[in-house]
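Dear colleague,

Please find below the structure that I am handing over to you. My notes on what was found in it follow directly after.

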Amino acid sequence: MATRTTSSPDTSAHLLEIFKALANPVRLQVLQWLRDPEANFPVHHGIADPHEVGVCVSHIQDKLGLAQSTVSSYMATLERAGLVISTRVGKWTHYRRDEERIARFTAELGDVL
């Protein structure tokens, strides 16, 4: 007899939060760009290591061509979902992918589906 793995309400809620964050094509694009920050953002303009600290929100905003408030909202959504980590450097906020949490998400998704 095959056993069926059921997810807890907490796991289901967390997965749904991630899916909602990824459902927006702009947020998904930013997450893809952050996978390889040197290829997608002007590193020579950065004040910190893009892999260690992240990419400055102003560079993300410039690349998207959207208002600062919209980009900040998108990044906050990705952070709440656990997909990115923010770090303050002076007055600027930098974002990088949370690779450990992304790996856990894909494992949880495999377990649930």
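R104 counts as partly exposed because its relative accessibility is 40% (buried means under 20% relative accessible area, exposed over 50%, and partly exposed in between, with a 1.4 Å probe and protein chains only). The side chain of R104 forms a salt bridge with that of E100, at 3.5 Å from N to O; the term denotes a side-chain nitrogen of Lys or Arg within 4 Å of a carboxyl oxygen of Asp or Glu. Side chains of opposite charge can pair when their charged atoms come close. E100 counts as exposed, at 56% relative accessibility. Because E100 and R104 are four residues apart in helix 6 (residues 99-112), about one helical turn separates them. Helices here are DSSP runs of H or I with at least four residues, strands are runs of E with at least two, and both are numbered from the N terminus.

Please note that this is a predicted model, in which local features need pLDDT of at least 70 and side-chain atom pairs count only at pLDDT 80 or more, while totals for chains, interfaces and linings use all residues. Residues are numbered from 1 along each chain as its sequence is written, and side-chain values use heavy atoms, with hydrogens and water left out.

How many salt bridges does a search of the whole structure find? The search finds two. Besides the pair already described, the side chains of R97 and E99 meet in a salt bridge, at 2.6 Å from N to O. R97 is buried, with a relative accessible area of 11%, whereas E99 is partly exposed at 42%.

Turning to the overall arrangement, the protein has six helices and three strands. Along the sequence, these follow the pattern α-α-α-β-α-α-β-β-α. The protein has 113 residues, of which 32% count as buried. Of the contacts between residues at least 6 apart in sequence, 55% join residues at least 24 apart, where contact means heavy atoms within 4.5 Å.

The next part concerns helix 4 and its neighbours. The buried residues of helix 4 are V57, S58, H59 and I60. They pack against helix 2, strand 1 (55-56), helix 5 (68-80) and strand 3 (92-97). Just after helix 4, G65 takes a positive phi of about 70°.

How do helix 2 and helix 4 meet, and at what angle do they cross? The axes of helix 2 (residues 25-35) and helix 4 (residues 57-64) come within 12 Å and cross at roughly 120°. Axes are lines fitted to C-alpha atoms, for helices over the stretch in contact, and angles run from 0 to 180 degrees between N-to-C directions. Helix 2 and helix 4 are therefore oblique to each other; angles under 35 degrees count as roughly parallel, over 145 as roughly antiparallel, 65 to 115 as roughly perpendicular, and the rest as oblique. Their crossing is right-handed, a crossing being right-handed if the near helix is turned clockwise from the far one by less than a right angle, and left-handed if anticlockwise. The contact is made by V26, V30, W33 and L34 of helix 2 together with I60, K63 and L64 of helix 4. These residues divide into six nonpolar, no polar and one charged (Ala, Val, Leu, Ile, Met, Phe, Trp, Tyr, Cys and Pro count as nonpolar, Asp, Glu, Lys and Arg as charged, and the others, Gly among them, as polar).

Within helix 2, V26 is partly exposed, with a relative accessible area of 24%. Leaving aside residues up to four places away in sequence, V26 touches L64, L66 and Y74.

Helix 4 passes helix 5 in a right-handed crossing. In this contact, V57, I60, Q61 and L64 of helix 4 meet Q68, V71 and M75 of helix 5. The residues involved divide into five nonpolar, two polar and no charged.

Finally, V55 lies in strand 1 and is buried, with a relative accessible area of 5%. Its C-alpha atom is separated by 9.4 Å from that of T87, which lies 32 residues apart from V55 along the chain.

With kind regards
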